[in-house]
Amino acid sequence: MTVGAVAAGWVHRHLLDVEGLTREELERILHLAVDMREARAARAHGSLLENEIVGLAFYEASTRTRVSFELAAKALGATVVDLGIAGSSVSKGESLVDTLRTLERTGVTMVVLRHASSGAAHLAARTTGLCIINAGDGTHAHPTQALADALTLREALGSLSGRTVAIVGDVAHSRVARSNIHALGTLGAHIRVAGPRAWVAGFEAWPGVEVARTIEDALRKANAVMTLRVQLERGARPADHLAWRLDEERMQLAAPGAPILHPGPTNEGVEITADLANGARSLIGRQVENGVPVRMAVLALLAGVA
Ligand code: NCD
């Protein structure tokens, strides 16, 4: 098996964003993720990726995404190499493209890339022969997080069709929010966003997105609520966090039992109270758990073996 030999009916060589995926393609990834979860539990996923060398190139900090990609690739029998950016030639000034081309020459076939620049994954896909999986580029996209969130929400709500999902907080700086708006919207959900003006600016123009004036307006009868970390590293100015913090009283406005999501890492007490983050309605742990099988599904599809 060689990378680039796409799985039957799977036309994408890379996973750069969610925008390019149809509803059928999203469904296919989510179904495969469920199979992968079962196979992983039964230790029955074989060695689908035994001919692949997966490079992890994280130019920005990561816990969940990096660890779950590593576990996903290893679970499928791939060889995994973590570039360890801080100790690499990046610190000597080597460019992104040169670094990736170097990895390619060593035999790496697939690269999981996280970078502070929006568009970095597209650049990598255009300028190398590697299969590129975007693990978060600037404020632009974080497709596998959205896929894990879609799976988590679907399992909690049954279906996303006609459901309202409120995304509150620092939406403008969030690649997770953008990818979720695409993924959940394509799967039939109605999206409401809310936050201080600078954090939701421009979203009125997004098809299918409603910008609520206040957090209360966003939460009213929402079937699920996602809250986000303030992206200080992307220039977000801290807002009056009490005006936007998800707490028990505000959650009363949402539909009864509405689940709560957060991509992590959380700053408890800032965007969400510790009680809610750790309470019965929180799906934050589930989102992390679903990250591994979703990434197994993505790797297998892109390698042409699923
Ligand atoms: C997110 C990210 O890096 O975009 N984290 C993650 O991958 N789960 C969100 C964040 O950093 O706040």
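Buried area is the accessible area, taken with a 1.4 Å probe, that two parts lose on being put together, summed over both. This quantity returns at the third stop of the tour, which leads through a predicted model.

**First stop: the whole chain.** Colour the chain by pLDDT. The mean is 94, and 98% of the residues reach 70 or more. Then select residues 1-6, where pLDDT stays under 50. For this stretch the model has 19 contacts beyond four places in sequence.

To their contact, domain 1 brings 28 residues and domain 2 brings 27 residues.

**Third stop: the interface.** Between domain 1 and domain 2, about 2200 Å² is buried, and carbon and sulfur atoms give 57% of that area. Next, select Leu30, Arg64 and Thr139. These residues supply 28% of the area that domain 1 buries against domain 2, more than any other three residues.

Now display the side chains of Glu27 and Arg154. They form a salt bridge whose closest N and O atoms are 2.6 Å apart. Across the interface of domain 1 and domain 2, the rule finds 4 salt bridges. The two domains also share 11 residue pairs in polar contact, counted with both residues at pLDDT 80 or more.

Which elements give two or more residues to the side of domain 1 that touches domain 2? They are helices H1 (23-41), H2 (64-75) and H12 (284-302), with strands E3 (110-115) and E4 (131-137). Select H1 in particular, for H1 gives the most to this side of domain 1, with 9 residues. By type, the residues on the side of domain 1 that touches domain 2 comprise 12 nonpolar, 8 polar and 8 charged.

**Fourth stop: a link across the sequence.** In the whole structure, a search finds 16 salt bridges. To view another pair, select Glu60 and Arg234, whose side chains meet in a salt bridge at 2.9 Å, N to O. Glu60 lies in the loop between strand E1 (53-58) and H2, and Arg234 in the loop between strand E8 (224-227) and helix H9 (241-244), so the pair ties together parts that are 174 residues apart in sequence.

**Fifth stop: two points in the backbone.** Most residues other than glycine have a negative phi, and most peptide bonds are trans. Select Arg43, in the loop between H1 and E1. The phi of Arg43 is near 50°, a positive value in a residue other than glycine. Finally, select Gly264 and Pro265. The peptide bond from Gly264 to Pro265 is cis, with omega near -5°. Pro265 belongs to the loop between strand E9 (260-261) and helix H11 (274-277).

Notes:
Residues are numbered from 1 along each chain as its sequence is written. Side-chain values use heavy atoms; hydrogens and water are left out. pLDDT is the predictor's confidence in each residue, from 0 to 100. Contact means heavy atoms within 4.5 Å. A polar contact is a pair of N or O atoms within 3.5 Å; within protein, one must be able to donate a hydrogen and the other to accept it, and residues adjacent in sequence count only if both atoms are side-chain atoms. Helices (H or I, at least four residues) and strands (E, at least two) are DSSP runs, numbered from the N terminus. Ala, Val, Leu, Ile, Met, Phe, Trp, Tyr, Cys and Pro count as nonpolar, Asp, Glu, Lys and Arg as charged, and the others, Gly among them, as polar.
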